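Subject: The structure, and notes on its aromatic rings

Hi,

Here is the structure I promised to send over. Please open it next to this message, and my notes follow below.

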Amino acid sequence: MYSQSPKLFGRVARFDRLVRLANLAPQARWLDLALDAGYHDHQHLARDFRVFTRMSPYEFRQLELQVPERRFGSRE
């Protein structure tokens with residue numbers, strides 16, 4: 001599927017940081033979260049979302065807001 005490389009590892013780590021930040025601040029703007037996670041612009045963020053989740057950031061957030069952990073007030 002993907003070649004294993006330090007560059008890919010960096011992308012996955014950056015994406016993981018982004019998702020964790022989004023979970024901590026669900027009302028934050030994606031661009032602010034992206035910059036905090038190390039993305040340079042929204043296009044790179046959107047590309048990684050499509051590659052790793054096959055969703056847009058908006059679709060991902062809508063799905064995340066529906067998970068049972070959110071309804072029970074549990075956080076990461």
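The axes themselves are lines fitted to C-alpha atoms, for helices over the stretch in contact, with angles running from 0 to 180 degrees between N-to-C directions. Helices here are DSSP runs (H or I, at least four residues), numbered from the N terminus.

Before the findings, a word on the source: this is a predicted model, where local features need pLDDT of at least 70 and side-chain atom pairs count only at pLDDT 80 or more, while totals for chains, interfaces and linings use all residues. Residues are numbered from 1 along each chain as its sequence is written, and side-chain values use heavy atoms, with hydrogens and water left out.

**Helix 3 against helix 4**

The axes of helix 3 and helix 4 (residues 57–64) come within 9 Å and cross at roughly 60°, and the two helices are therefore oblique to each other. Helix 3 brings Leu-45, Phe-49, Arg-50 and Thr-53 to the contact, and helix 4 brings Pro-57, Glu-59 and Phe-60 (contact means heavy atoms within 4.5 Å). Sorted by type, these residues are four nonpolar, one polar and two charged. For that sorting, Ala, Val, Leu, Ile, Met, Phe, Trp, Tyr, Cys and Pro count as nonpolar, Asp, Glu, Lys and Arg as charged, and the others, Gly among them, as polar.

**The aromatic rings**

How many aromatic pairs does a search of the whole structure find? There are four, where rings of Phe, Tyr and Trp (its six-membered ring) pair if their centres lie within 6.5 Å; planes under 30 degrees apart count as stacked, over 60 as edge-to-face and the rest as tilted. In one of them, the ring centres of Phe-15 and Phe-49 are 4.9 Å apart and the planes stand at 75°, so this pair is edge-to-face. Phe-15 belongs to helix 1 (residues 6–24) and Phe-49 to helix 3 (residues 42–53), so the pair links distant parts of the chain, 34 residues apart.

Trp-30 and Phe-49 also make an edge-to-face pair, because their centres are 5.2 Å apart and their planes are at 75°. Trp-30 is in helix 2 (residues 30–37), so its pair with Phe-49 of helix 3 ties together parts 19 residues apart in sequence. Ring pairs join Phe-15, Trp-30, Phe-49, Phe-52 and Phe-60 into a cluster.

**The loop between helix 3 and helix 4**

Arg-54 is in this loop and has a positive phi of about 60° although it is not a glycine. Most residues other than glycine have a negative phi. Arg-54 is exposed at 71% relative accessibility. Beyond its neighbours within four places in sequence, Ser-56 is in contact with Phe-49 and Arg-50.

Best wishes

How values were computed
Angles under 35 degrees count as roughly parallel, over 145 as roughly antiparallel, 65 to 115 as roughly perpendicular and the rest as oblique. Buried means under 20% relative accessible area, exposed over 50%, partly exposed in between (1.4 Å probe, protein chains only).
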